[in-house]
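Subject: Structure for your review

Dear colleague,

Please find below the sequence and structure that I am handing over to you. A summary of the findings follows.

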Amino acid sequence: MKIEVKKKQSLLELLSETFPESTKTHLKKVIKYGFVSRGELILKNPETPVNKGQTLNYKKYNGKEVRREKVPFQIVFEDEHLIAVSKPAGILTVGTTTETKKSMYKMVLDYVTKKREKVFVVHRLDREVSGLLLFAKSEKVKKNLIENWHENQKLYWALVEGKPPKASGSVQSYLIEGPKQKMMVVENHQSPNTNNRLPVNMPQLATLRYKTLSHHNNYTLLEIHLETGRKNQIRVQMASLNCPIVGDRKYGADAKYIRQIRLFAFSLSFKHPITKKPVHLSLPMPKTFLSIEQGDEKY
């Protein structure tokens, strides 16, 4: 069935006028289970704006819930513009030339392709880091999110060795990539010394804020507000305070613990690039996150 849009309104408002005998609850299910599309794009958000002159495709909905396909990852949020997932530790955000199969991007791409949608990388989490990971479903949305990324609130939990010099504070330093892809703090923002075989690239300013949530047996649980998004930023800046993240051997953590970095992206807040409404996403702390002596898992 074709539905001709005669004025600008929301998708739910259009369906309510087209099917006045149907309840809004029923129409929301019609949208939720993918029975309305515009061209090849399935519209799954009742608040999606539709404009005069557009033509929508409508498939008859019999009131039975569509059986959802089981996906190999947790979806935290999804609409026709965005998808946010929970990334486990040990999985790359994007595959490399040697590892192209098991990455969050590839898994999300496989999922959305079945719905005739696309997916684009907005930001990344290190392989060893777990938590919220956001993808866009169009180049336009990706560009908007990246351009305004500095305005978003990005919160992490970090379990570190030792204790920071202050219970709360900020860390600001210049970072540069050194040998073996290891990030380094550039003291006094000096140019890299090529005699030390550092690559010739420009140091990048990195800033974060932290506060102590608890301290026990020489370990401290921190909440970290990431203001910039540099490679390995939290890991190298915590190490610069002599507080490496538990399990992060690359940046000086005690090797007696299995290499499972205790850094978790638990909260992400931003303005939706299309609806302009605030979006707040969060995940609970993993059960084994604070387990030091036992509960560590290899990947």
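Helices (H or I, at least four residues) and strands (E, at least two) are DSSP runs, numbered from the N terminus. The model is predicted, so local features need pLDDT of at least 70 and side-chain atom pairs count only at pLDDT 80 or more, while totals for chains, interfaces and linings use all residues. Residues are numbered from 1 along each chain as its sequence is written, and side-chain values use heavy atoms, with hydrogens and water left out.

Backbone and loops

Lys276 is found in the loop between S16 and strand S17 (278-282). Its phi is near 70°, a positive value in a residue other than glycine. Lys276 counts as partly exposed, at 47% relative accessibility; buried means under 20% relative accessible area, exposed over 50%, and partly exposed in between (1.4 Å probe, protein chains only). Arg116, in the loop between helix H3 (104-113) and strand S9 (120-121), likewise has a positive phi, of about 60°, although it is not a glycine. Arg116 is partly exposed, at 47% relative accessibility.

Gly247 lies in the loop between helix H5 (233-240) and strand S16 (263-271) and is buried, with a relative accessible area of 0%.

Nonpolar cores

A nonpolar core is a set of buried Ala, Val, Leu, Ile, Met, Phe, Trp, Tyr and Cys residues joined through side-chain atoms within 4.5 Å. In soluble globular proteins, nonpolar side chains tend to be buried together. The largest core here has 31 residues, and those with the most contacts inside it are Met104, Val108, Phe135, Ile224, Ile234 and Met238. Helix H3 supplies the largest share of this core, five residues. A second, separate core of 26 residues includes Ala84, Leu145, Phe266 and Leu268.

Beyond its neighbours within four places in sequence, Met238 is in contact (heavy atoms within 4.5 Å) with residues including Val160, Leu208, Ile224 and Pro244.

Aromatic pairs

Rings of Phe, Tyr and Trp (its six-membered ring) pair if their centres lie within 6.5 Å; planes under 30 degrees apart count as stacked, over 60 as edge-to-face and the rest as tilted. A search of the whole structure finds five such pairs. One of them, Phe73 with Tyr111, is edge-to-face, at 5.9 Å centre to centre and 90° between the planes. Phe73 and Tyr111 are 38 residues apart. Phe73 is buried at 10% relative accessible area, and Tyr111 is buried at 16%. Trp157, Phe264, Phe266 and Phe289 form one aromatic cluster.

Yours sincerely
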